[in-house]
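Please keep the sequence and the model in view while reading.

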There are 2 protein chains.
Amino acid sequence: MQHQYQKLKDLLKKKIQKGTYKPGEVLPSEHELRAQYKLARFTVRQALDELVKEGYITKHKGKGSIVSERKRKALGLFSIKGFSAVVGEAEGSVKTVFLKKPYKVKWGDDFFYPLSPEEKQKGAICLERIRSVNDSPVMLEYTYVPANEVPLLKESDFVHNSLFETLHVKFNIDIGTAEQELVATGATREIAKVFGIKAGAPVLHVYRKYHTNRPGFFIYSSFYCHTGKYSIGNVFQ
Amino acid sequence: MQHQYQKLKDLLKKKIQKGTYKPGEVLPSEHELRAQYKLARFTVRQALDELVKEGYITKHKGKGSIVSERKRKALGLFSIKGFSAVVGEAEGSVKTVFLKKPYKVKWGDDFFYPLSPEEKQKGAICLERIRSVNDSPVMLEYTYVPANEVPLLKESDFVHNSLFETLHVKFNIDIGTAEQELVATGATREIAKVFGIKAGAPVLHVYRKYHTNRPGFFIYSSFYCHTGKYSIGNVFQ
DNA sequence: CAGTGGTCTAGACCACTGG
DNA sequence: CAGTGGTCTAGACCACTGG
C-alpha cells in the first residue's frame, strides 16, 4: 500500500505533466490541499517537498508553490542540453540501445570502486548500453548490477527499457543517493568509433555508485560521454 | 535567532566532527534526543534529515542513525579523490589562491547562462581563483557574483578564504541547489599553462548556476578541472 | 520482544509577500 | 491586511531490525 503523501505527490505530478497546472502558475496552497484531500498539513508538505526535490515545483514563503518551467529530458540521472548555447536549446528524443545481451561477469580487484566480500563473491550482471540524442550517440555506459539479487538477463525483462524503473516496479528497489567521479580523458579507438570522433578527442568519463534502499546493495556504472554536441547536466544539493 | 532544529543540527555536527560520535556508531535515537533536548520529535527529525542531506549520517529503519565514514575534503561543492585508484586514496591539503583581485565586469550576451535584465544591468564581480591539492593545481575557476547585492572587492573581505562561508556569515545568503553542465574539452594554451599540461590535453569544463535563498540572486561559475592526478567527485539526489 | 525510524493527525505561532 | 509557507508541539500507529 502506498503512503498518503506518495499518492498526493503522484496525483499532483500527473496534473503538472498533463498541464492542469502550468509552468509559472501557483499550486493550490498547502491549506487548500489539506482541506481538499482531507490530510494533515504535514502530509501535504511531505508530498510537496518531494516535488521540490524532483524539480517539479519551487516553494516561496508568503507566495506559494510555483510550477517549474518544463523539466529537461533525463539521461540517467543526468539531463542533456543542446550545447551550442549550453542552455535553452531544445532537447531531442533520447534513445537507449543495448549493445549486447546483459551478461554475467566476475568483478576483479581492479574494479573502480572497492567492493565488499559479499559483492565480490556474487559477481555482477553487466549491461552495455548506448544512449543517443536525435540519433547521435552521447553516452556509452557499462552498468554493473550485483548478481543473485535480481535476475535480469534478458532485454525483455526491462520495463520501458529503463533499469531503474524495472528495479522499482519489479523488485521494489529504489535509488537513494549516488556518488560520482568525473575525469576528462582522451577517447580510445573503440570509444571514438562509437561516437564518430577522432581517437584521443576529449570525452567525459564518469564513475558512479548508486545507493539503494536495500542495505549492502549498490549499483555501479562507468560511462563515457561525448560532449561535443550536447553537454551533460545535473542538479544537486 | 536560529531555529531549534538548526541548533540541534549544529550541535550534533560538532559532536561528530570532534569524534564524540565516531563513524559507524549509532547516534542517540530520535526519542532520546527528543527527551534530552526537550523538543518535539518533528524538530529532532528535521535536524537529523539535514545531517543526512549533508552526508554526516545515514538513517536505518529499526536500527537508528549511523555516523558516516569521514567526509571527503570539499572542493567547491565537489570533493576530490586521489585518482590512481579513483577511490580510497588519501586526500591532500586543498588551497585556494586568487589569481588577481576581484574586479567588476559587465556581462555580455554571450554569457553561458541566460541572465535577467536586472542581472545584466547590475553587472558582476568576477573572482579568478586557482585551487590546488598538494600544491598541484586542479581547478581554475571564474566565479561571477552579481554586483550591488554584495560589496566584495578585497581578498580580505573573505572569511576563511571561502566565498560561500562569507556570503553566509556576512550577508545571510545561503546556497540552495546548483545546476551544472559538464563538457570535456581540450585545454587552451593558457589553461594548459596553469595546470602544467600540454595544450589540447583533455580537461573538464563545468558551467554552474547556484540558487540562493535570496530571490533572483544567483551565482555563476565557469571552471576547468585537470583530472589527471585527482578526479572530481560529487554526491547527489 | 523492546526499540527504532517512517508516516500521520490536529492543532499553533511566526515571518514573509502582495495588495 | 489576509494568505502563504516555515517552524514547532504532543501525541499516535506502523513496519522493520535484532536479540
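Here a residue is called buried under 20% relative accessible area, exposed over 50% and partly exposed in between (1.4 Å probe, protein chains only). Strands (E, at least two residues) are DSSP runs numbered from the N terminus. This is a predicted model, in which local features need pLDDT of at least 70 and side-chain atom pairs count only at pLDDT 80 or more, while totals for chains, interfaces and linings use all residues. Residues are numbered from 1 along each chain as its sequence is written, chains are lettered from A and ligands numbered from 1 in the order in which they are written, and side-chain values use heavy atoms, without hydrogens and water.

Strand 7 of chain B (residues 124–133) is largely enclosed by the rest of the structure, because 10 of its 10 residues are buried. A124(B), C126(B), E128(B), I130(B) and S132(B) point one way from this strand, and I125(B), L127(B), R129(B), R131(B) and V133(B) point the other way.

Two strands pair if DSSP finds at least two bridges between them. Strand 8 of chain B (residues 136–146) runs antiparallel to strand 7 of chain B over 10 bridges, with P146(B) opposite A124(B). These two strands form a hairpin with two residues between them, and N134(B) in the turn has a positive phi of about 50°. Strand 5 of chain B (residues 94–98) is joined to strand 7 of chain B by five antiparallel bridges, and T96(B) has R131(B) as its bridge partner. Strand 6 of chain B (residues 103–105) pairs with strand 7 of chain B over three antiparallel bridges; here V105(B) stands opposite A124(B).

Pairing also links the two chains: strand 9 of chain A (residues 175–186) is joined to strand 12 of chain B (residues 230–236) by five antiparallel bridges, with E181(A) opposite G233(B).

Conventions:
Helices (H or I, at least four residues) and strands (E, at least two) are DSSP runs, numbered from the N terminus.
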